[in-house]
Amino acid sequence: MTSATLTPGKTSADEIPWNPKVRQKKTVVDWIVDIFIVALIVLIVVAIIYPIWFVIISSVSNVDAVNTGKVTFWPVGFSLGGYARVFQDDRIWSGYMNTIIYSVVGTALNMVVTIPAAFGLSRREFKPRRVVLFLFTFTMFFAGGLIPNYLLFDSLGLIDNWLVFILPGAISVWNLIIARSFFETSIPEDLHDAASIDGLGYFGYFFKIVLPLSSAIIAVLALYYFVGHWNDFFTGLVYIQDDGKLPLQNQLRAILLANQSNLTNTGGMDILQQREFANQIKYGVILVSTLPLLVLYPFLQKYFNKGVMIGAVKG
Amino acid sequence: MSATASEPRRKAKKASAMNNIPAGAIDANGVVDNTKAARLRPLPVRLAAHFKHFWPIWVMIAPALCFVALFAYVPMYGLRLAFVDYDPVEGIMGGEWVGLKYFKQFFESPQFLQLMGNTFRISLWTLVMGFIAPIILALLINQIGNLKIKSFVQTITYMPHFISVVVIVSMINIFLNPGSGIIGRFTGDKSLLANADLFTPIYWITEVWQHMGWDCIIYLAALSSVDLALYEAAKIDGAGRLQLIKYVDIPTILPTVGIMLILRMGSVLSVGFEKVFLMQNPMNLPKSNVISVYTYQIGILGNQFSYGTAIGLFNTVINFVFLVVANYISKKASDTSIF
């Protein structure tokens, strides 16, 4: 099937089949397949983008139009009333502040722990690395589970303590493996030889040579960790009781899902008005909470392919 | 890896001979000299040589090792709670041995069959659909010739991956809301979420919607490694688009497909806690009650620590068995394995 055979007798430039400029004539089947593929891709893109688009247009549309289902493709009317109410809510602000602190501090610790360990495990001459790596990977597939974790955190004083967002998740083994693969495949071994000849030890080699070459993997890991912290809902649910320490996702749940929306109590509206605004507030909250990630997204997008590709390389 | 590892070792031996480093020393590359004389030295001497050279590596790995030891291996030790009666005073160290009492309690509980059924149904649907969809999407995206359109499609399809579970579930609720929701407006005044039979489809469809784009990156990466000459050759042999996909693209991604399948088998009995927990309501409970949420209710809300640990351990063991079996089969069948 895949072996190319030269056909003698065809000499005209147009007929040289391996000339990439020459397009083969499309058969009817090819046309049908092409149309089918294009249609399928368009369908998938629309199916993915439409719900997000719908949230955006609903959040700025007139309340009545949203509630009666008149908003479909474009905003109907224009109102930022939902957003005004979102920003009046203290829970959103305190959740936002908490999440930013947890995410920034957490990601910083993640990087400090993960990157050097991944570098250490990438050194082939370091013989115990197979054993050490097994100690790490085993925890990906076998874990103590919820209750032993809870009891451990309890005895460490992490329950209802903001450090529970930072310390237990300090290292993700998956990210460690991705970083290790990067160091193994993307940093030329000659650099290490050269550094050794120049008298650099492992620390010098790591800080002066490896780190400056690793911006791609640092960006990818920081993004993975940051998104993980930002979207973390479980930790707040299980280990935190004090409302003031809850991160954004748990506050969102209270507003969006548990219908504890007291947003509408501001401004002296009657119950009917409150119910009217409830939906629009939800759209606003969704956008306000997701916006930071969607803003970061285009800047980091070029690293994604690379990051996931590195992760695919098995060590 | 083993093939590449021998390369520096050989280099090192040559180097140590040239620089006249005594046998058993560690050369500039940090390679332990494996000559007979070196190996015959007593263990403390070898250890001292090892640490003298490798202490910076140990320092770099130490924090990660400490965190894993404390937050992964100590809880693993805590699994013994599944076999003892939890004693609040003695914590995870103490308690009286009761053997398999709590496992029996779980197997004989009226919810057992329902929990197992729900967990398997939801996770199998998600596993199969969430596994096939990214492969198809990758094959489709790979067909786009125009690089700008291709990257546009990729950008769009990755996006939902970054939305939090809380937001996804509230989007589901809003969209299905009778009357005002974009889907709910067509379903009369009955909410689709109140229909227990629709819980599984809603769960896996939204799961595929969210992660399909992200999960396909890995296949796209594999597809990008195809030698273009292979396509040309196939075209010369008269292959149309479909044949190109069938005979070039699919064989290219098969090893990746194998690895991804094994990894997914390891989570056959773990339905994401957060999403099910947030999507649950009293009406759909008969079809939405799964092991992970039940463990949370029993253990954290109900304070039955030993019983909760036993259920969790049962879940972990089943997953682990599936992973090992899938890995074994794949190793035999296609020489692809994760360990």
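Does A:Lys208 count as buried or exposed? In this predicted model, select A:Lys208 and inspect its surroundings: A:Lys208 counts as exposed because it has 12 C-beta neighbours inside 10 Å, and 12 or fewer is the range for that class. The residue belongs to helix H9 of chain A, which covers residues 202–210.

**Chain A by domain**

Colour chain A in two parts, with domain 1 at 13–82 and domain 2 at 83–312. Where they touch, the contact draws ten residues from domain 1 of chain A and 13 residues from domain 2 of chain A. On the domain 1 side, display helix H1 (28–59), helix H2 (63–67) and helix H3 (81–88) of chain A, the elements that each give two or more residues. H1(A) gives the most to that side, with four residues. Colouring by class on the domain 1 side of chain A then shows five nonpolar residues, five polar residues and no charged residues.

**Between the chains**

Now show both chains together. Their contact involves 91 residues of chain A and 87 residues of chain B. On the chain B side, select helix H3 (residues 43–77) of chain B, which gives the most, namely 14 residues. By class, this side of chain B comprises 59 nonpolar, 22 polar and six charged residues.

**Chain B by domain**

For chain B, the domain assignment gives domain 1 as 2–97 and domain 2 as 104–334. Six residues of domain 1 of chain B meet five residues of domain 2 of chain B. The residues on the domain 1 side of chain B are five nonpolar and one charged, with no polar residue.

**The nonpolar cores**

Which residues have the most contacts inside the largest nonpolar core? Select B:Leu81, B:Val166, B:Val290, B:Ala310 and B:Ile311, which hold that position in a core of 70 residues. Helix H7 (residues 165–176) of chain B gives the most to this core, with nine residues. Centre the view on B:Ile311 and leave out residues up to four places away in sequence; B:Ile311 then touches B:Phe106, B:Ile291, B:Tyr294, B:Thr295 and B:Ile298.

The last stop is a second, separate core of 39 residues. Among its members to select are A:Phe119, A:Ile177, A:Phe206 and A:Leu221.

Key
Residues are numbered from 1 along each chain as its sequence is written. Chains are lettered from A and ligands numbered from 1 in the order in which they are written. This is a predicted model: local features need pLDDT of at least 70, side-chain atom pairs count only at pLDDT 80 or more; totals for chains, interfaces and linings use all residues. Domain bounds come from an automatic or database domain assignment. Two residues are in contact if their C-beta atoms, placed from the backbone, lie within 7 Å. Ala, Val, Leu, Ile, Met, Phe, Trp, Tyr, Cys and Pro count as nonpolar, Asp, Glu, Lys and Arg as charged, and the others, Gly among them, as polar. A nonpolar core is a set of buried Ala, Val, Leu, Ile, Met, Phe, Trp, Tyr and Cys residues joined through C-beta atoms within 7 Å. A residue is buried if 20 or more other C-beta atoms lie within 10 Å of its own, exposed if 12 or fewer, and partly exposed in between; C-beta atoms are placed from the backbone.
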